[in-house]
Amino acid sequence: METDISTLAEAVAQLQASAAATNTIFAETYYFLSIPLMVLIHAGFLAYEMGASRSKNALASGIKNILAFAMIVPFFYFIGWWVYWAFPTGLTGSEGAMGISGFAYATDIAAPWSAFMGPNLDDKSSGVFFGAFVLFAATTASILSGALIERIRLTGFVVLAIVLGAFIWILAAAWGWHADGWLVTEWGYHDFGAAGVVHMIAGFFTLGVLLNLGPRVGKFNPDGSANQIAGHSMPMTLIGLMLIIAGFWGFLMACVIVPGEAWSWSTTMGATIYGTPMTLSGMTFNTIMGFAGGIIGAWMVTRDPFWMMSGALGGIISCAAGLDVWYPPMAFAIGFIGASAMPFVASFLERRGIDDAVGAFAVHGFLGMWGLLAVGIAAQGYPALAGEDVATTSFLGQLVGAVTMGLLGFVPGYVVSLILKVTGQLRVPPEVEILGLDAVKVPSRAYPEGINASVSPAE
């Protein structure tokens with residue numbers, strides 16, 4: 001009997017070990033696959049911006065997008081990842097209630113010399129988590145990139161992209177996208193799909209830069225009226241937008257904490273980054289409904305294919321903060337409302353002399369803010385964290401979060417771009433802009449066999 005019990009116990013132990021290994025491989029693979037999916041976002045931004053540029057600027061627009069991605073990676077490795085774990089409770093670097101934040105914790109797991117920041121057979125998660133987060137960082141820079149096409153210096157843009165991607169957005173993530181984040185623990189801030197900590201931060205940072213960068217040559221007439229400066233390939237732009245939406249699935253799946261690991265919130269249920277329960281099923285319902293609502297809302301207002309596809313992205317962003325809690329018809333309505341308002345926001349900026357070439361502030365800044373406030377309006381009272389006696393979601397908490405994200409994005413964007421402007425590193429000279437950045441800055445041609453050029457009225 002004792003021999004049988006011993007044999008049975010050994011078999012059970014082997015089965016448990018096998019199940020644990022299988023789950024670990026699944027968790028590692030899950031986040032690993034989110035990374036190439038998120039790379040589709042950058043393939044999309046590349047096509048989107050090149051198509052939205054005139055042919056004389058197509059390659060320059062593409063190069064700055066690729067270079068920003070590459071430059072953010074080492075800065076995020078050496079500094080950004082450490083910032084996320086060091087500052088959730090505020091700039092003091094103190095440890096939070098969960099014990100997974102503060103200077104000491106960050107240095108232990110995220111300093112470049114840490115055993116967790118390289119190949120380590122005992123650590124199967126840090127690298128893929130880092131990879132997902134660095135793709136989030138690169139996404140903020142891509143959001144910035146499109147608005148500034150055809151007149152920004154490459155060096156100035158790279159500086160702005162590094163500041164945004166490796167410092168500003170990750171500080172926002174530490175405050176509002178971490179279980180020890182002060183916005184979460186003190187105000188009940190909820191932002192499952194990063195409407196605030198990615199999209200709003202990047203959108204408001206972009207607005208600050210645009211105020212110093214100024215409009216493209218020929219965008220505005222002496223009386224203040226605006227001219228449309230068409231890109232050279234609307235089909236490329238539309239394909240790019242669809243690739244961004246495809247990549248958004250990787251973005252959203254990386255927002256989920258899978259069950260069953262030592263670092264997981266649960267052994268059986270998927271969770272948000274705050275530990276609150278959610279399912280991929282519910283997220284899928286709401287993402288697709290928000291997507292559809294956004295397309296329909298933008299189409300009904302504009303009948304414009306550019307805004308229609310931007311509306312698809314805008315619908316998802318509108319729903320992003322609450323994708324884990326919405327009832328699908330609510331997600332459709334929130335996406336519809338957001339995308340319907342989006343073109344009017346873009347027109348409002350244009351009437352004030354701000355040249356946002358692709359409507360980045362309207363799509364990301366404004367709709368990121370709308371997404372946060374929608375949670376405060378329609379999803380009040382949910383626990384903001386796992387556990388008992390925790391803060392709950394409220395309109396006030398979401399409003400505080402939105403104001404924080406707006407200021408944290410806008411102020412550094414304005415200040416850093418102003419410094420670049422004063423030092424002559426922000427914008428290319430007018431004669432270079434009129435000739436085209438490709439002719440001056442790029443040692444090759446986008447269309448060596450020629451293409452019908454689109455020009456502005458000033459040319």
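**Cysteines, buried residues and packed helices**

Q: How many disulfides does the structure hold?
A: The structure holds zero disulfides, a disulfide being a pair of cysteine sulfur atoms within 2.5 Å. This is a predicted model, in which local features need pLDDT of at least 70 and side-chain atom pairs count only at pLDDT 80 or more, while totals for chains, interfaces and linings use all residues. Residues are numbered from 1 along each chain as its sequence is written, and side-chain values use heavy atoms, with hydrogens and water left out.

Q: What makes Cys255 and Cys319 count as buried or exposed?
A: The test is relative accessible area, with buried meaning under 20%, exposed over 50% and partly exposed in between, for a 1.4 Å probe and protein chains only. Cys255 has 2% relative accessibility and therefore counts as buried, and Cys319, at 1%, counts as buried too.

Q: Why is Pro343 called buried, and which residues touch it?
A: Pro343 has a relative accessible area of 8%, so it is called buried. It is found in helix α11, residues 328–351, where a helix is a DSSP run of H or I with at least four residues, a strand is a run of E with at least two, and both are numbered from the N terminus. Leaving aside neighbours within four places in sequence, Pro343 is in contact (heavy atoms within 4.5 Å) with Val301, Thr302 and Trp307.

Q: How do you know how α10 and α12 pack, and which residues make the contact?
A: Two packed helices are described by the angle between their axes and the distance between the axes. For α10 (residues 305–320) and α12 (residues 360–378) the angle is about 35° and the axes are 8 Å apart, with axes being lines fitted to C-alpha atoms over the stretch in contact and angles running from 0 to 180 degrees between N-to-C directions. The contact includes Trp307, Leu313 and Ile317 of α10, together with Val363, Leu367 and Trp370 of α12. By class, it has six nonpolar, six polar and no charged residues, where Ala, Val, Leu, Ile, Met, Phe, Trp, Tyr, Cys and Pro count as nonpolar, Asp, Glu, Lys and Arg as charged, and the others, Gly among them, as polar.

Q: What are the angle, the axis distance and the residue classes where α2 packs with α5?
A: Helix α2 (residues 58–86) and helix α5 (residues 154–176) pack at about 35°, with axes 8 Å apart, and their contact has 22 nonpolar, two polar and one charged residues.

Q: What makes Glu150 and Asp389 stand out, and is each buried or exposed?
A: Glu150 has a positive phi of about 80° although it is not a glycine, and Asp389, also not a glycine, has a positive phi of about 55°. Glu150 is found in the loop between α4 (126–147) and α5, and its 2% relative accessibility falls under the cut-off for buried. Asp389 lies in the loop between α12 and α13 (395–422), and at 83% relative accessibility it counts as exposed.
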